[in-house]
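Subject: Structure handover

Hello,

Here is the structure I said I would pass on. My notes on what was found in it follow below.

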Amino acid sequence: MPTNVIMPQLGESVVEGTVTRWLKNEGETVEEFEALLEVNTDKVDTEIPAPAGGCVLKLYVAEGTTVRAGTLLAVIGQPGETIPEPETPAETAVAAAATEPTRGASSPRAAAGEAAELGFISPVVARMASEHNLDLRQIRGTGASGRITKKDVLAHLNARPAAPWETPALGELFRPTEEVFGGGEAVASSPPSHTAGDVIPLDLVRRAIADHMLRSKATSPHVTTVMEADMRRVVAHRQAHHQAFAREGVNLTFTAYFAAACVSALRAVPMVNASWTEPGIRLHRQIHLGIAVSLGEQGLIVPVIKDAGQKSLLGLAQALGDLAGRARSRKLQPEEVQGGTFTITNHGVSGSLFATPIINQPQAGILGVGALQKRVVAVETREASGAVTDSIAIRPMVYLTLTFDHRILDGAVADAFLGKVVETLQAWGP
């Protein structure tokens, strides 16, 4: 009997994906668990294995087509075997949704009627509406043709008034972090190899980046503040500990220190670890750090270190190195680029001194890290007598920028956060 190949749900909040490439054509043989096609979700490519061995009898979805989870993609069977008429995804979805009534639907028939009124309602959306007592007619759909997706339902739930923020004790807020990161910074990419006059086709990643950047600028008022940090203590610490980290298989990079300093600053100024919602500003309890990783001409991706504030130095370094390595080899899972509460982009690896990055929505801010550069600076030296002497010195300096959502943060709060980042870096211990 033929076996259907169904579009899987590649992550908790991923409800659709784009078929980027079929690895087998109609009429070709495929082994069970052999890669059959590639699917892209949130700039992450995932290989989908064949659920059974046999001949690819029919491909239903063309390359470049975006479909929802549960869609029939292909049929595998024996050569010459008859392919049964597939049930349409809409019929399947409405039937499934009808078994889980939503708010205002007193019966399965009413639920099916509401589903028809709203268009396609997936089983997972119907279940969430039932569990949270939601009226789906109050939720604006952002999916294809205005379809309500799981992300829309989650956004609606997050927009509800948040539970009261439990403010940590003052000593905990200003507790310096002991962790030092390793690995994971963005890599410098070579200039594109295109000829003048060419029209460069837009791939899925570039389209996703363009859409996200435009949406971010249209969503929140961007303001950028700039500070400078003396990195001599960090440089000395890295030189002293680089080999010890290497023996543990961890690459201790400067991006690691910026990430650790951000953890310290987010604890000290928790308003920066927040998102805007219509009822109010949602303060996140966990620190989920996104680290921008360059994919060269293929664009940029931001894997997320979950619960960064709870990890040790070694744990953070290992997590960051692992995520960055798999990002560059296209082996990330969709959930590993979701859920960030604050982002760091180290644009300095390509020589940039400072920049004004675009906020990674729906976060409150993004830290831009410029190139580490030796510069001549004026320093003060306090003598034993108490007299202050000015002198000139050469120090490893770096510009840091915080681009923030002015709806959430005012300048004083943003400067307090960035000042804490600078203070942590300049006071780095042995």
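This is a predicted model, in which local features need pLDDT of at least 70 and side-chain atom pairs count only at pLDDT 80 or more, while totals for chains, interfaces and linings use all residues. Residues are numbered from 1 along each chain as its sequence is written, and side-chain values use heavy atoms, with hydrogens and water left out.

The sheet

An open sheet of 4 strands runs in the order E5-E4-E2-E7, with antiparallel pairing. Strand E5 (44–49) and E7 are the edge strands, each pairing on one side only. From one strand to the next, the twist averages 40°. Such angles run from 0 to 180 degrees between N-to-C directions, and the axes are lines fitted to C-alpha atoms, for helices over the stretch in contact. Strands here are DSSP runs (E, at least two residues), as are helices (H or I, at least four), numbered from the N terminus. Two strands count as paired if DSSP finds at least two bridges between them.

Going through the pairs:

- E4 and E5 run antiparallel and are joined by 6 bridges. Glu38 has Glu47 in E5 as its bridge partner.
- Strand E2 (residues 16–22) pairs with strand E4 (residues 35–41) in the antiparallel sense over 4 bridges. Here Arg21 has Glu38 in E4 as its bridge partner.
- E2 is joined to strand E7 (residues 66–68) by 3 bridges, and the two run antiparallel. Thr18 stands opposite Thr66 in E7.

Helix H7

Helix H7 covers residues 232–247, 16 residues in total, and reaches 24 Å from its first C-alpha to its last, close to the 22 Å expected at 1.5 Å a residue. The expected span is 1.5 Å times one less than the number of residues. H7 bends by about 45° at His241, where the bend is the angle between axes fitted to the seven residues ending there and the seven starting there. Its buried residues are Val234, Val235, His237 and Phe245. Buried means under 20% relative accessible area, exposed over 50%, and partly exposed in between (1.4 Å probe, protein chains only). After H7 comes Gly249, with a positive phi near 80°.

Thr255

Thr255 lies in helix H8 (residues 254–268). Its relative accessible area is 1%, so Thr255 is buried. The side chains of Thr255 and Asn346 are joined by a polar contact of 2.6 Å. A polar contact is a pair of N or O atoms within 3.5 Å; within protein, one must be able to donate a hydrogen and the other to accept it, and residues adjacent in sequence count only if both atoms are side-chain atoms.

Regards
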